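Keep the structure in view while reading.

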Amino acid sequence: VFLRDVVYLDMKKYLANLEGNTVEYRSDWGIVEEILKYSLTYEGSKVDVTLRFRNATLSSYYLHVLEGTPYYSQLQPNNALDAAKALLERYQTYCGVSHLGVMRNMLDTVDEIGNFETTSGNVKLIISTEANAIKIQFVYTADNVDFQAKSVVLIFDQYGFLQSLSDDWSLFRAGSTEVNISQEEAISIAIEYAKDFSWTANGEIISNFTLVEESASAELWPHAREDALELIPYWYVTINLDRVYPDRVDRLAVGLWADTGEVSICQTLRW
């Protein structure tokens, strides 16, 4: 139904083969996750489609074109902005949730596709263009905190054809918006913590490394804490190392809670 009524893939023409169907209970989130993989073929067109459902609600759609171009049952808009407006209207009918209507209306404030950002109530619209892709992202925001995991994201190619859709807006909840640790304080805490960090590579403990402190950056990226689906403000700090160390490690990442400053994790990042 989603492929036919929302994406408008011409399912009367395509021969659909179910290539995979996995159902898993996500104990970390307390939800059931199902992933369906289809192969669609018709004459010179061959595409793979992956659908993910979380608690029986659509969470993501991904289209991979293998041969030719996709066949649609109706004429598609020739630009990503019009395509996004039409898609959100159909998607709202499919889902029956009100926030999609707010998102659709926000697109009326956009004159043309380009890097753009605006906020209406608790919804932030972010449009970005990268290479041959156009990303239209709606993020829940409150008290100047963006809850990136609670979002609806559409990615189109340069011709306005939908490549992917992700929607975990209804899955996650925004928790506290308390931020007592500034970005500068978060970076300082992370650097001091990272100085005593070590990791093991090929049986060797690596602890003698040099941090490039001036390269450190921090992003506010809410994470779950006690409740797996409730998001709490969280600083994610990355710090470059002066060279590539064993196991291709060239950066460290430190995560800490923005309300308390308590470090949650320190880990290596690889080149």
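Helices α2 and α3 run roughly antiparallel to each other, because angles over 145 degrees count as such and theirs is about 170°. Their axes lie 9 Å apart. The model is predicted.

**The helix pair**

Which residues make the contact? From α2 come Lys85, Leu88, Glu89, Tyr91, Gln92 and Cys95. From α3 come Leu100, Gly101, Met103 and Arg104. By class, the contact of α2 with α3 has 5 nonpolar, 2 polar and 3 charged residues.

Helix α3 spans residues 99-106. It is largely enclosed by the rest of the structure, because 6 of its 8 residues are buried. Those buried residues are His99, Leu100, Gly101, Met103, Arg104 and Met106. What do they pack against? One partner is α2 (80-95). The others are the strands β5 (116-120), β6 (123-130), β7 (133-142) and β8 (145-157).

Asparagine 105 also lies in α3. Is asparagine 105 buried or partly exposed? It counts as partly exposed, because its relative accessibility is 49%.

Aspartate 143 has a phi near 50°, a positive value in a residue other than glycine. Asparagine 144 also has a positive phi, near 65°. Most residues other than glycine have a negative phi. Aspartate 143 is exposed, with a relative accessible area of 60%. Asparagine 144 counts as exposed because its relative accessibility is 77%.

Strands β1 (residues 15-26) and β2 (residues 31-42) run antiparallel and are joined by 11 bridges. Threonine 22 faces isoleucine 35 of β2 across this pairing. The two strands form a hairpin with 4 residues between them. In its turn, glycine 30 has a positive phi of about 70°.

β2 also pairs with strand β3 (residues 45-54). This pairing is antiparallel too, with 10 bridges. Here glutamate 34 stands opposite phenylalanine 53 in β3. The β2 and β3 hairpin has 2 residues between its strands. Glutamate 43 in this hairpin takes a positive phi near 45°.

| Hairpin | Residues between strands | Positive phi |
|---|---|---|
| β1 and β2 | 4 residues | glycine 30, about 70° |
| β2 and β3 | 2 residues | glutamate 43, near 45° |

**Valine 65 in β4**

Valine 65 lies in strand β4 (residues 57-67). Valine 65 counts as partly exposed, because its relative accessibility is 35%. Which residues does valine 65 touch, leaving out those up to four places away in sequence? They are Lys46, Val47 and Pro70. Aspartate 48 is 17 residues from valine 65 along the chain, yet their C-alpha atoms are separated by 6.5 Å.

**A sheet of 3 strands**

An open sheet has the strand order β10-β15-β14. Its pairing is mixed. Which strands form the edges? They are β10 (173-174) and β14 (223-224), each pairing on one side only. β10 pairs with strand β15 (residues 230-232) in the parallel sense, over 2 bridges. Alanine 174 stands opposite leucine 231 in β15.

**Aspartate 250 in β17**

Aspartate 250 lies in strand β17 (residues 249-257). Is aspartate 250 buried or exposed? It counts as buried, because its relative accessibility is 15%. The side chains of aspartate 250 and arginine 251 are joined by a polar contact of 3.0 Å.

Leaving out residues up to four places away in sequence, aspartate 250 touches Asn240, Leu241, Arg243 and Val244, among others. Its contacts also include Leu269, Arg270 and Trp271.

Terms used:
Residues are numbered from 1 along each chain as its sequence is written. This is a predicted model: local features need pLDDT of at least 70, side-chain atom pairs count only at pLDDT 80 or more; totals for chains, interfaces and linings use all residues. Side-chain values use heavy atoms; hydrogens and water are left out. Buried means under 20% relative accessible area, exposed over 50%, partly exposed in between (1.4 Å probe, protein chains only). Contact means heavy atoms within 4.5 Å. Two strands pair if DSSP finds at least two bridges between them. Axes are lines fitted to C-alpha atoms, for helices over the stretch in contact, and angles run from 0 to 180 degrees between N-to-C directions. Angles under 35 degrees count as roughly parallel, over 145 as roughly antiparallel, 65 to 115 as roughly perpendicular and the rest as oblique. Ala, Val, Leu, Ile, Met, Phe, Trp, Tyr, Cys and Pro count as nonpolar, Asp, Glu, Lys and Arg as charged, and the others, Gly among them, as polar. A polar contact is a pair of N or O atoms within 3.5 Å; within protein, one must be able to donate a hydrogen and the other to accept it, and residues adjacent in sequence count only if both atoms are side-chain atoms.
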